[in-house]
Amino acid sequence: MKKDWNARLTEISETDRAIWATGKVFAGIDEAGRGPLCGPVAAACVVMPPEPLLLYVDDSKKVTEKRREALYDQILETAIYARVILASPEEIDRVNILNATRNAMAMAAQDAPCDLFLVDAIDKLNVKGEVRGMIKGDANCYSIAAASILAKVTRDRIMRELDREYPEFGFARNKGYGTAEHIAALKKYGPTPIHRRSFIGHFIP
């Protein structure tokens, strides 16, 4: 059955519309790339206006790549504030994936013109204002979903570029996740400089 995107937009923006109705300005924050074996984590913070609501904004994993690319530009054109920060594989190895993600989120949010931050599944950010962690926030909050799209498009573009540098790993396809193709290449060729050493120890001698 064809998805009713207008109904979905009404549903996913319910939380946002309730806060907008109070006159409060707030940001949505999300990340992409916590699970892969290599590459950065991308954290995005975005402040969206009440109008216009952008059709097709949803959890980035539920939106096609072609549509995400189009939405990326629309979100940047519409947003009051938008910023994406990367946490490198070196930082991930040094401070662990959760802390690296939190650091990137806080940096992405540091100049946002608001004091309320809705974050997908993470709280305790070092930001000036209230932080509300929302389980499955990217599927239930329009602003977080918009941030998820910015983060994922940014990271996917990076992984496609890295695919040109390391074609044997198939990064354009697997985006650094631990697919059979990726793990086989890791065992055959060894880790690249962009691999997270703290993630790959059990795959290589």
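In which helix do Glu11 and Arg8 both lie, and how many residues apart? Both lie in helix α1, 3 residues apart, about one turn of the helix. The legends below describe close-up views of a predicted model.

View 1. The side chains of Glu11 and Arg8 meet in a salt bridge, 2.7 Å from N to O. Are these two residues buried or exposed? Glu11 counts as partly exposed, at 48% relative accessibility. Arg8 counts as buried, because its relative accessibility is 10% and the cut-off for buried is under 20%. An α-helix has 3.6 residues a turn, so residues three or four places apart point the same way.

**View 2. The buried face of helix α1.** Helix α1 covers residues 5-12, and its buried residues are Trp5, Arg8, Leu9 and Ile12. Seen down the axis of α1, these buried residues fall within an arc of 100 degrees, so they line one face of the helix. What covers them includes α2 (14-20), α3 (65-78), α6 and α7 (142-165). At the start of α1, a side-chain oxygen of Asp4 comes to within 3.2 Å of the backbone nitrogen of Asn6.

**View 3. Asp138 in helix α6.** Asp138 sits in helix α6, residues 137-140. Asp138 is buried, with a relative accessible area of 7%. Its side chain makes a polar contact with the side chain of Lys61, at 3.1 Å. Leaving aside neighbours within four places in sequence, the residues in contact with Asp138 include Ile12, Asp30, Asp58, Asp59 and Asp120. Ile144, Ala145 and Ser148 are also among them.

View 4. Helix α7 has 24 residues. From first C-alpha to last it reaches 35 Å, close to the 34 Å expected at 1.5 Å a residue. Of its 24 residues, 18 are buried, so α7 is largely enclosed by the rest of the structure. Two of its residues, Arg164 and Glu161, lie 3 residues apart, about one turn of the helix. Their side chains meet in a salt bridge, 2.5 Å from N to O. Arg164 is exposed, with a relative accessible area of 60%. Glu161 is partly exposed, at 49%.

**View 5. The largest nonpolar core.** This core has 38 residues. Those with the most contacts inside it are Ile29, Cys45, Phe117 and Phe171. Elements giving two or more residues to the core include the strands β1 (27-32), β2 (41-47), β3 (81-87) and β4 (116-120). The helices α5 (97-109), α7, α9 (180-189) and α10 (197-200) are also among them. Helix α5 gives the most, with 7 residues. Leaving aside neighbours within four places in sequence, Phe117 is in contact with residues including Ala27, Ile29, Ala109, Ala112, Val127 and Val131. A second, separate core of 30 residues includes Tyr72, Ile75, Cys141 and Tyr142. In soluble globular proteins, nonpolar side chains tend to be buried together.

**View 6. The salt bridge of Arg173 and Glu181.** The structure holds 16 salt bridges. One of them joins Arg173 to Glu181, with the closest N and O atoms 2.3 Å apart. Arg173 counts as exposed, at 59% relative accessibility. Glu181 is partly exposed, with a relative accessible area of 32%.

Note on methods: Residues numbered from 1 in each chain as written. Predicted model: local features only at pLDDT ≥ 70, side-chain atom pairs only at ≥ 80, totals over all residues. Heavy atoms only, no water. Helix = DSSP H or I, 4+ residues; strand = E, 2+ residues; numbered from the N terminus. Buried < 20%, exposed > 50% of the residue type's maximum accessible area, 1.4 Å probe, protein only. Polar contact = N/O pair within 3.5 Å; in protein donor to acceptor, adjacent residues only side chain to side chain. Contact = heavy atoms within 4.5 Å. Arc of directions from axis to C-beta. Expected span 1.5 Å × (residues − 1). Core = buried A, V, L, I, M, F, W, Y, C linked by side-chain atoms within 4.5 Å. Salt bridge = Lys/Arg side-chain N within 4 Å of Asp/Glu carboxyl O.
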